[in-house]
Amino acid sequence: QLLTKSMPQSTATPIIALPQAVVTGVGTASPSLNLTVDNPTQYDAAINGFDLGGLLCSFNSPIMINAGSNAQISLRMTANGGNLTGVAAIYGSSNASIPSGDGASCIGIQSAAPGESITGYLLVDVGPNSGQYPFTAVVQ
């Protein structure tokens with residue numbers, strides 16, 4: 001802990017990777033944002049929320065990703081027409097810990113049409129560091 005804090009910030013900041021981000025089911029009753037999250041650090045990662053274009057959401061309780069693992073997260077979205085408006089339910093693979101009944105508070109909307117790419121980021125606490133970790137979601 002002391003060693004980490006004494007190191008330069010650029011070296012101490014852990015890297016969370018988001019190798020895959022896909023929006024599926026646009027135009028259906030239950031579109032989803034599906035993310036793969038790589039956490040190669042020695043710390044569990046707490047995902048507190050996300051930004052997807054014009055939609056900003058904060059989870060009621062953090063989604064935890066185990067240290068030294070990768071996990072898949074699926075966010076079932078609420079929609080109004082072709083616009084994503086919020087989060088209806090949260091699912092995760094075995095390396096993701098999602099509190100029972102966890103939800104999110106959201107503001108804004110984001111349009112989504114097949115073939116589009118939407119830039120966003122996750123808000124993540126990893127050990128002593130907090131950061132915004134970017135991704136580009138492809139709408140299928």
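The legends below describe close-up views of one predicted model.

**View 1. Confidence along the predicted chain.** The mean pLDDT, which is the predictor's confidence in each residue from 0 to 100, is 91 for the protein, and 90% of its residues reach 70 or more. Over residues 1-11, however, the pLDDT is below 50, and beyond near neighbours in sequence this stretch has eight contacts in the model, a contact meaning heavy atoms within 4.5 Å.

View 2. L18 lies in strand 1, residues 17-24, where a strand is a DSSP run of E with at least two residues, numbered from the N terminus. Because its relative accessibility is 14%, L18 counts as buried, a word that means under 20% relative accessible area with a 1.4 Å probe and protein chains only. Leaving out residues up to four places away in sequence, L18 touches T36, V37, L122, Y133, P134 and F135.

**View 3. The largest nonpolar core.** A nonpolar core is a set of buried Ala, Val, Leu, Ile, Met, Phe, Trp, Tyr and Cys residues joined through side-chain atoms within 4.5 Å. The largest one has 34 residues, and those with the most contacts inside it are L33, V37, I47, F50, I65 and L122. Among the elements that give two or more residues to this core are strand 1, strand 2 (32-39) and strand 10 (117-126), while strand 4 gives the most, with five residues.

**Notes on the views.** Residues are numbered from 1 along each chain as its sequence is written, and side-chain values use heavy atoms, with hydrogens and water left out. In this predicted model, local features need pLDDT of at least 70 and side-chain atom pairs count only at pLDDT 80 or more, whereas totals for chains, interfaces and linings use all residues.

Conventions:
Helix = DSSP H or I, 4+ residues; strand = E, 2+ residues; numbered from the N terminus. Buried < 20%, exposed > 50% of the residue type's maximum accessible area, 1.4 Å probe, protein only.
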